[in-house]
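Here are a few friendly notes on the helices, for you to read alongside the coordinates. Please keep in mind that the model is predicted.

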Amino acid sequence: MLALQAVTPDDLARAVPEVSPAEARKIVAAVHRGEPVAASSAVRRIAARATVAAGHVPELAVVAQTASAIDPFVKYLLAAPDGARFEAVRIPLEHAGRVTVCVSSQVGCALACAFCATGRLGLSRNLAAWEIVEQVRVVRAGMTSGRIHGLVFQGMGEPLANLDAVIQAIRVFSEPCALGIDARAITVCTAGLPSGIRRLAAEAPHVRLGISIASAIAAHRRAVMPITERHDLDTVIAAAADHARATGLAPMWAVTLLDGVNDADADARALAARALAFLAATGIRPRISLLDYNPIGPGDRFVRSPRMAAFRAVLSDAGLASHRRYSGGSDVAAACGQLAGTGAV
């Protein structure tokens, strides 16, 4: 059956011939308002009945909803009908009443980035488009005020390894009749799948791209991101350049600083050289986002770098601005790199 929260009006009209395009818009809007599909002055009885026969609105169970005690982040541990568990995070923005939702795209992850708790799990399965959309609907339902302003695919999983479902979810997120989130406020973050980056540019050209760089020094990146063996940084950056040319959007380059691993001046200089070369090739300056490391549990071999200021100074000396991203909710394992489908620590 169709998962009605994961279709656009065009999808519904194609799948259910009894439904006209105008009726499809009304039905999709009703679904996202939490209303039953029923006949009305704008929807014929035959269209409503055909939709109900063809589709349903499956739900995720909220296993736990945990608010951080140190900042306004909230983590949701969710369970699918088959028992699979994954997490989403409600992230407050600077403007009062606006939030971003960090969504998961897979149960676990196959890429095994060493500084990520999800990477320890291995991959169980991809999430369906409705399971991605439903994360945002769950977060929205738990809000007493404000609105969801944006989304980041930076939860559990590699989004570009589940791109069919991710792109379908993006279509629903940005559909005015559905969730009505500006596509330019959606960011898809990847460890670096070049073909997926190019497909994202072609099929979701208004959505922003984020890339986990780790280090612009090949050996340092390879030590913490095994995907480098299959897709080296040259190949990933080339795909990001194609994305930038096609969309006109600056990519975000994210670096989680790890003490003694990728935080030396040499790493900063290599990152600066990459960014300046990218600017020269595309006319677009990447947005450099630096993150403090968040611990990921027993056996953790990394330590937060004390060199954030020194690293940023090297970038600044090269003429490059950088942003130190605040990653909140660490007390409930909701911060970047900590999601593992287990609820609060």
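1. Which residues in α9 are buried? They are Asp 267, Ala 268, Ala 270, Leu 271, Ala 272, Ala 275, Phe 278 and Thr 282.

2. A quick check on the geometry of α9 (residues 265-282): with 18 residues at 1.5 Å a residue, the helix should span 26 Å, and its end C-alpha atoms are 26 Å apart, so the two agree. Just after α9, Gly 283 has a positive phi of about 80 degrees.

3. Next, α6 and α8. Helix α6 (residues 194-203) packs against helix α8 (residues 233-247) at an angle of about 5 degrees, their axes being 9 Å apart. Angles under 35 degrees count as roughly parallel, so α6 is roughly parallel to α8. On the α6 side, Pro 194, Ile 197, Arg 198, Leu 200 and Ala 201 take part, and they meet α8 residues including Val 236, Asp 242 and His 243. The residues of this contact divide into 9 nonpolar, 3 polar and 2 charged.

4. Helix α6 also packs with α5 (residues 163-174), here at about 25 degrees and with the axes 11 Å apart. That makes α5 roughly parallel to α6, and their crossing is right-handed. Leu 163, Asp 164, Ile 167 and Ile 170 in α5 meet Gly 196, Arg 199, Leu 200 and Glu 203 in α6. By type, the residues of this contact are 4 nonpolar, 1 polar and 3 charged.

Note on methods
Residues are numbered from 1 along each chain as its sequence is written. This is a predicted model: local features need pLDDT of at least 70, side-chain atom pairs count only at pLDDT 80 or more; totals for chains, interfaces and linings use all residues. Side-chain values use heavy atoms; hydrogens and water are left out. Axes are lines fitted to C-alpha atoms, for helices over the stretch in contact, and angles run from 0 to 180 degrees between N-to-C directions. Helices (H or I, at least four residues) and strands (E, at least two) are DSSP runs, numbered from the N terminus. Angles under 35 degrees count as roughly parallel, over 145 as roughly antiparallel, 65 to 115 as roughly perpendicular and the rest as oblique. Contact means heavy atoms within 4.5 Å. Ala, Val, Leu, Ile, Met, Phe, Trp, Tyr, Cys and Pro count as nonpolar, Asp, Glu, Lys and Arg as charged, and the others, Gly among them, as polar. A crossing is left-handed if the near helix is turned anticlockwise from the far one by less than a right angle, and right-handed if clockwise. The expected span of a helix is 1.5 Å times one less than its number of residues. Buried means under 20% relative accessible area, exposed over 50%, partly exposed in between (1.4 Å probe, protein chains only).
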